[in-house]
Amino acid sequence: MKRVIDFCLAFICLIIFSPLFIICYVAVIIEDGGPAFFKQERIGLGGKPFNILKFRSMNTDGNFDDYTLFKHEKNENITRTGRFLRDHHLDELPQLLNVLKGDMAFVGPRPERKYYIDLIMEHDSRYEKLYQLRPGVTSYATLHNGYTDTMEKMLIRLEMDLYYLEHHTLWLDGKILIQTFLNIIGGKHF
């Protein structure tokens, strides 16, 4: 049922937000002539890798495989357009395609790179339990823990994701989606 709802909602959102999608696409290309999309391997349902899609927010010569934990506000490789897209969460818009394809859900634990999963697993092996869920565009943990730039925050996020794993319902997903939408409209940074 959740997958059907996600598919239909992603399809509808792609139609509604297609003008915004096109504007973001063109703005990224115009700034430096590079590709509009950024792909990065993340680990998803069943522990299988997939490529997450985002609008590219960094210079084309930026180190996209840098595993340093840092807040994106401090990253000097971010373009002006990229900063705007990130500040308004528009860089995440292409993830609607990931939802449509079935790599992601609207709500679920945020997908992580294998490098970080391995680091987290050194502290808490329960991370593997999250492989039972399709990763999400938004999550319970994102709303309450924000951007994770330290191992301490990653472990807090894990606790929240495990809470979601045990308590997720369509009702909770709806509440998370509405709260995420209100936070974005309200300009909250997370």
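At 30% relative accessibility, Phe37 counts as partly exposed, a class between buried (under 20% relative accessible area) and exposed (over 50%), with a 1.4 Å probe and protein chains only. This is a predicted model: local features need pLDDT of at least 70, side-chain atom pairs count only at pLDDT 80 or more, and totals for chains, interfaces and linings use all residues. Residues are numbered from 1 along each chain as its sequence is written, and side-chain values use heavy atoms, without hydrogens and water.

**Exercise 1.** Classify the ring pair of Tyr25 and Phe37.

Solution. 
1. Rings of Phe, Tyr and Trp (its six-membered ring) pair if their centres lie within 6.5 Å. Here the centres are 5.6 Å apart.
2. Planes under 30 degrees apart count as stacked, over 60 as edge-to-face, the rest as tilted. These planes stand at 55 degrees, so the pair is tilted.
3. Now place the residues. Tyr25 sits in helix 2 (residues 18–32) and Phe37 in strand 1 (residues 37–43), 12 residues apart. Helices (H or I, at least four residues) and strands (E, at least two) are DSSP runs, numbered from the N terminus.
4. Tyr25 is partly exposed, at 34%.
5. Widen the view. Ring pairs link Phe21, Tyr25, Phe37 and Phe55 into a cluster. The structure holds 7 aromatic pairs.

**Exercise 2.** Is Met104 buried or exposed? Describe its surroundings.

Solution. 
1. Met104 lies in the loop between helix 4 (95–101) and strand 3 (105–107).
2. Its relative accessibility is 0%, so Met104 counts as buried.
3. Contact means heavy atoms within 4.5 Å. Not counting residues up to four places away in sequence, Met104 touches several residues, including Arg3, Phe50, Ile52 and Val137.
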